[in-house]
Structures are given as C-alpha cells and as structure tokens.
Amino acid sequence: MERDYETLPLVRPGYVARSSKAGLLPLNDPLERRAKALGWFSLGLGAAMTFAPRLVARAIGLRPSVLAHTTIRAIGVRELAVGFGILAKKKPAGLLWTRVAGDVVDLTLLRRGASNGGTARALVAGASVLGITAVDVASAVQLTRHNMQERKEMGGMRVCRAITINRPPDEVYRFWRHLENLPQFMSHLERVETYGSEKSRWVAKAPLGTTVEWYADILFDRPNELIAWHSTGDSQVQNEGWVRFESARGGRETVVRAELHYQPPGGALGATLAKLFGEDPAHTVATDLRRLKQVLETGEVTHSDASIHKLPHPAQPPKSFDPSTKEAS
Amino acid sequence: MGKKNVQVEQVPDPQILNARDAIIRVTSSAICGSDLHLYNGYVPTMMRGDVLGHEIVGEVVEVGPAVLNLDVGDRVVVPFPISCGNCAMCERTLYSLCENSNPNWWMAEKMWGRSPCGIFGYSHLTGGFAGGQAEYVRVPFADFGPLKIPQEVTDDQAFTLADIFPTGYMGAEMCDIHPGDSVAVWGAGPVGLLAMASARLLGAERIIAIDRFEYRLRMAQDGAGATDVLNYEEVDVHEALTELTGGRGPDAAIDAVGLEGHAHGPLFAMDRAKQALKLETDRPVALREAIRCVRNGGTVSVVGVYGGFLDQFPMGSIVNRALTLKSGQCHVQRYLRPLLGRVLNGEIDPSFVVTHRLSLDEAPQGYTIFNDKMDNCEKIVLKPAA
C-alpha cells in the first residue's frame with residue numbers, strides 16, 4: 001500500500017473518534033436492522049419455547065410428550081443465547097450462520113415430529129421455519145460479504161492506540177527511533193537488529209515457542225514527530241505502521257499514537273485463532289504502549305507478584321523470578 | 001482462601017523484581033476495614049492464595065540497585081498506594097492515581113473506566129501485589145514511597161501513617177473546614193475516628209460521630225474529640241442533626257463507612273437483598289443519609305470504600321441543594337511528612353485507635369473478631385514473631 005507520508009497531517013480529523021472495533025465500513029441500515037430484528041425474534045421465540053413448551057408443542061401440532069417438551073425447551077435455550085448474542089454484537093455474521101444451522105436442525109426435527117402423526121399445523125410450522133431460514137441465509141450471506149470486504153479494505157488487522165507520556169517529544173522519539181529498544185516494551189518482540197539507518201530485522205515470539213521474523217524499512221522519519229515503516233520482501237508477517245509524537249502540556253508531555261496494519265500469518269483465520277488464544281492485537285498494542293510509558297517514566301516495566309506469571313496467579317511472592325526473561329501477562 | 005476464610009500459610013520469601021524495589025521485614029501490619037470488604041467477598045478479582053495487608057511498618061532488609069535513599073536497617077512506614085513519583089498524576093500529588101503502578105490497569109479499566117494506582121494486597125484490580133500481613137513484603141518504587149520513621153515514634157503510631165490517619169485527614173481536608181464549622185462523621189471505625197480528630201486539628205467546632213456501637217461512640221468522644229455522638233439505632237439521625245445544628249444541618253459530612261453500611265427499614269432490606277442477588281454491588285446507606293443531612297451548599301466527603309454500583313442514589317438532593325461530593329483513595333504520600341510532624345510535636349497520638357495486638361499466626365481470629373465487632377474491637381495490629 002502506497003502512502004504519502006510527507007502529507008500525513010499531524011492530527012487527522014476523526015482520528016480519535018473512529019473506534020478500531022467498529023471497523024472501517026459503516027453497515028447499511030436495513031441490513032443492521034434486519035440482523036437486530038432476527039435477534040429479537042430469537043429472543044421472543046426462545047422465551048416462548050423455554051417457558052411454555054407445552055403451548056408451543058400444541059401450536060405446531062406435536063403430540064404432547066416428555067421428549068417433545070424437553071426438545072422444545074432445549075431449542076428455546078439455544079434461541080435465547082443466540083438472540084442475546086446477536087443483539088450484543090456489532091456485526092454478528094457468525095451468529096447469523098448459527099441461526100441458519102439452527103433452522104436446519106429445527107426443520108429436521110419438525111419433519112420427524114410430523115411423520116409421527118403430523119397435522120396441518122405441522123405443515124404451517126414447517127413453512128414458517130422455511131421462510132425464516134430464507135431470511136437468515138440472505139442476511140448471513142450479506143453480512144459475511146460485508147465483513148470480508150471490510151477486512152480487505154483494512155488490509156488485514158488494523159489497530160490504533162494512543163498514550164500520554166510524561167517526557168518531552170524529542171526524548172520519546174529518540175527512544176523509539178533506536179529500534180533496538182523496542183523489545184524493552186513490545187512484549188512479543190524478541191529482538192530487533194538494525195542495518196544502517198533505515199533497514200532492520202525483527203524477530204517476534206510466536207505460539208508454541210516458535211519465532212517469526214521479517215525485514216522492515218523506515219519509510220518516513222520526521223524527527224520528534226513521526227516514524228513510519230513497512231515490512232519488505234517476502235516477510236512472514238506483512239505489516240506497516242507508523243507512530244506519531246505530539247507535544248502536550250506545553251511540551252512537557254508527549255502523546256504517542258501508534259497505528260499498525262498487518263496481515264497475520266494465515267490471514268483472517270490466523271487472526272481469529274490468535275484472538276481465541278488471547279492474543280488480541282488491540283490489547284497487545286495498548287499493553288505495549290503502557291510498558292513504553294513505564295520504561296520512559298520510571299525506568300523499567302512495572303512488575304507485580306501476580307503479573308509476572310503468564311496465567312492468573314495469586315498475589316504472593318513467586319518461587320523464583322529471573323528479571324532477564326520477560327514473562328508477560 | 002475464599003469468602004470469610006483467611007489462613008496463615010508458608011509462601012516463598014519475596015524477591016527484588018524491579019530495580020526500584022525494597023524488601024521489608026514487617027514488624028507491624030494492621031487489618032483494615034477495607035480488608036473486611038475483601039474478606040466478605042465484596043471486591044471482585046480476589047484469588048485463593050492472595051496475601052492481604054496494606055498497612056505496613058518494618059525494617060529494610062534488601063534494596064534494589066536504583067534505591068539510593070534507603071539503607072538496610074532503616075525503619076520505614078509504607079504508604080498503601082504504590083506510586084512511581086514520575087507520572088503526571090504523581091506530579092500533581094494525586095498519588096493514588098499513579099499511572100504506572102498497576103500492571104492490571106486493563107482489568108481496572110473494564111470495571112471503573114480508567115485505572116487507579118496499584119495497592120498492596122488489595123485484589124487483582126489494583127495490580128495483584130502481595131500484601132504486608134506477612135513476615136516480609138516487597139515494596140515497589142521504594143525510592144519514592146516509604147518514609148523513614150524516627151525511633152521515638154512507636155510502631156502503633158507509625159502504621160497509622162500508611163493508611164488510616166492520612167485517609168481520615170484527607171476526609172476532613174476535603175470538607176474545606178472553616179473555623180467554627182460543624183462536621184458529621186458516619187462511622188466511628190479507625191478512619192472515622194481519625195477523620196474526627198483531623199477535623200478538630202483543622203478547626204471544626206462541632207464534631208458529631210454517628211455509629212451503632214456504644215464502645216466506638218465512647219472512643220469518638222474520649223479519643224477523637226467528638227463533641228456529640230449519635231447512635232443511629234436509638235435516634236433519627238436527620239432529626240438529631242437538624243436539632244444539633246440549629247435547623248441547618250452540618251456544614252460537612254464524612255462517609256467513613258463505605259459499601260457495607262447498616263441501617264434499618266425497608267430500603268436497607270432491599271439493598272441487602274439486591275447485594276445478595278448481585279443486582280447491586282454496594283449498599284450506600286451511610287452515603288445516602290450523609291447527603292440528605294448535610295446543609296445546603298455543604299460538602300460530602302467520601303473516604304469509605306465503594307467498589308462498584310449502587311442504587312437509589314439521591315442525585316436530586318445534590319443538584320437542588322448545590323452539594324459538593326468529594327472522594328478518593330488517599331494520596332498518602334502527600335500527607336506522610338506533615339502528619340508525622342504532627343505526631344512528633346505531640347499534637348495527636350493516632351495510636352489511640354488500637355485495641356488489639358495479635359501475632360501474625362492469630363490473623364484468622366483477628367479477622368473474625370474485627371468483622372463481628374467482638375471484644376470491643378476497633379483496630380488490630382498484627383506482629384510477626386521476630
């Protein structure tokens with residue numbers, strides 16, 4: 001991606017207002033509204049099935065039986081969960097697909113119920129489920145397409161975060177510009193080697209004790225204000241990013257804004273997997289900036305008895321701790 | 001080790017984790033009312049095995065390479081907020097809002113929107129630091145927080161500087177007391193008593209203590225200089241305060257109770273029920289009453305601990321009567337030297353709050369005695385066997 005760093009304004013309008021979670025593409029209103037309507041529909045249906053399974057059984061023409069009521073109640077609980085999920089999530093493509101899968105299950109069950117002595121009511125119920133399935137499929141497809149489009153335009157993952165550091169901009173810039181310093185606060189980096197003033201090699205920790213590495217070029221360097229870089233050649237992790245240093249509180253403090261775009265190994269699937277295992281890039285960048293602040297303001301990264309362990313751990317002295325190995329939460 | 005379950009166990013000795021750390025051999029460490037909120041399970045993110053305790057006096061036994069102001073053998077009191085002394089908040093003397101001392105800032109941000117400082121032994125929301133109810137404790141930013149204590153100051157006096165005395169003092173200071181003012185204090189626990197004593201130091205003329213335990217009200221009158229005491233189980237507090245202050249209400253009100261307040265009547269029953277059902281995390285009975293009772297344009301100063309959310313908050317009373325609400329975890333480092341000075345020149349002896357001295361091994365009984373207000377308990381100091 002080509003960018004004109006020379007013309008990047010120092011503060012871009014709308015920079016802060018746009019949340020990285022909301023994504024770049026606004027969702028068109030009818031689609032959003034339809035997804036939410038399906039959520040409410042799930043909730044209503046789920047509530048009826050969970051709390052009044054007998055009534056529902058009668059309405060769809062099933063003969064009353066313990067099995068039928070239990071099944072209806074179970075489906076009701078599923079609908080409630082899906083409904084809440086759809087209403088809570090921003091662009092719930094996955095959950096809409098869950099609805100489609102649910103519809104298929106329901107249709108199968110309905111057919112079985114009907115063949116055990118079905119009535120006209122069962123036929124009506126089947127037809128209604130078919131209709132809803134069509135709406136579900138259409139919405140799920142549209143939303144999935146939207147999300148894919150968005151990911152494509154964002155060029156993989158995109159994270160931006162800011163922090164205010166109680167040191168002047170030139171000092172913060174100098175520290176960052178000496179790229180070998182980065183692993184001091186970027187917990188995932190093992191080391192950065194520089195070749196000349198523009199070229200560098202980055203080695204990062206990856207899952208299962210492996211490492212990934214890439215070469216990067218500094219694309220733009222405006223002292224005390226902006227550093228931009230991108231990965232070069234056939235790097236394992238395609239990425240680009242920039243960090244800007246803005247003077248604050250009369251030059252005594254610096255607002256550091258970092259923006260990172262990258263294509264994680266394995267593309268969107270890799271990103272999803274990474275998220276599942278707790279490697280949420282937005283959280284990682286926010287944590288790294290905090291550590292940068294700690295290093296520049298207090299001299300090093302602050303440890304607590306519980307935070308030096310990778311997993312949740314009681315707040316009591318550790319059995320042993322080697323400050324040179326940076327275990328990070 | 002679970003709700004209402006505190007145990008004494010062997011854990012590894014603390015080590016220097018950061019260059020600015022010191023290791024302190026604890027000589028006195030108290031049980032705080034806020035430890036009871038942890039004990040009763042009202043503060044989330046406590047883990048089995050967490051070491052409690054944030055009121056620490058002891059002797060320096062080891063210092064990190066960056067600690068130049070302390071020597072091995074120095075006797076120090078350790079402020080409960082962990083503060084770096086370098087960030088913008090510390091520069092503004094808002095030490096309990098230090099931006100660098102809570103490694104679990106993101107947890108606190110989820111709960112409270114933004115993160116305060118780290119605190120010793122006070123859940124993982126405030127960092128997951130091992131506390132001081134132990135033989136040894138690691139003190140981060142030891143080059144900034146701890147204060148050396150001269151020999152003539154006793155442990156029982158010194159430990160109060162870690163939390164309860166500055167907290168009570170800040171509670172009174174936030175009331176912006178003018179000579180002749182009246183101040184009502186809800187809760188005659190250690191912080192309440194020291195808030196009353198501080199209000200007296202700051203020139204309040206009338207100090208009214210409100211509690212339900214007679215022995216605490218006696219301490220308020222005899223030790224803390226309260227001019228009037230109200231037992232809320234016997235009198236209607238609003239009516240009594242109105243009468244005592246000539247119909248106007250006290251100029252300032254201090255809530256030194258916090259989230260586990262007691263009261264009578266249907267609203268309290270509702271609060272307890274909602275708290276049990278997790279529909280409300282805090283029951284603010286004292287705070288509601290303080291807001292209702294303070295005079296028009298008065299100040300409500302909240303030093304009692306609240307952790308989460310509360311219902312039936314009388315915002316209408318605040319807006320329509322132009323009240324000022326002030327609060328905060330104490331910025332202890334701001335008050336250490338001035339208050340040590342007041343102790344040294346004999347203006348006050350804060351150790352009057354101490355009623356029990358137990359060994360560290362007796363800590364579990366200590367929690368029971370303190371929580372259930374047995375044996376006229378006001379403040380327990382734990383002394384690890386030397």
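Among contacts in chain A between residues at least 6 apart in sequence, 57% join residues at least 24 apart, a contact being heavy atoms within 4.5 Å. This is a predicted model: local features need pLDDT of at least 70, side-chain atom pairs count only at pLDDT 80 or more, and totals for chains, interfaces and linings use all residues. Residues are numbered from 1 along each chain as its sequence is written, chains are lettered from A and ligands numbered from 1 in the order in which they are written, and side-chain values use heavy atoms, with hydrogens and water left out.

Chain A has 8 helices and 7 strands. These are DSSP runs numbered from the N terminus (helices: H or I, at least four residues; strands: E, at least two). Of the 329 residues in chain A, 46% are buried, meaning under 20% relative accessible area with a 1.4 Å probe, protein chains only.

**The interface.** Chain B puts 35 residues into the contact and chain A 31. About 2800 Å² is buried between them, 51% of it from carbon and sulfur atoms. Buried area is the accessible area (1.4 Å probe) that two parts lose on being put together, summed over both. On the chain B side, B:L17, B:N100 and B:W105 lose the most area to chain A, together 23% of what that side buries.

**A:N166.** This residue lies in the loop between strand 1 (157-165) and helix 6 (169-177) of chain A. A:N166 is buried, at 5% relative accessible area. Its side chain reaches two partners in chain B, tabulated here.

| Side chain of | Partner | Distance |
|---|---|---|
| A:N166 | B:E91, side chain | 3.0 Å |

Beyond its neighbours within four places in sequence, A:N166 is in contact with residues including A:R249, A:E297, B:C87 and B:A88.

**Helices 5 and 12 of chain B.** Helix 5 (residues 164-173) and helix 12 (residues 332-344) of chain B pack at about 100°, axes 9 Å apart. Axes are lines fitted to C-alpha atoms over the stretch in contact, and angles run from 0 to 180 degrees between N-to-C directions. The two helices are therefore roughly perpendicular, a class that spans 65 to 115 degrees. Helix 5 contributes B:F165, B:P166, B:Y169, B:M170 and B:E173; helix 12 contributes residues including B:Y335 and B:L339.

**Helix 13 of chain B.** In helix 13 (residues 363-371), the buried residues include B:Y367 and B:F370. Just after helix 13 of chain B, B:K373 takes a positive phi of about 50°.

Terms used:
Buried means under 20% relative accessible area, exposed over 50%, partly exposed in between (1.4 Å probe, protein chains only). A polar contact is a pair of N or O atoms within 3.5 Å; within protein, one must be able to donate a hydrogen and the other to accept it, and residues adjacent in sequence count only if both atoms are side-chain atoms. Angles under 35 degrees count as roughly parallel, over 145 as roughly antiparallel, 65 to 115 as roughly perpendicular and the rest as oblique.
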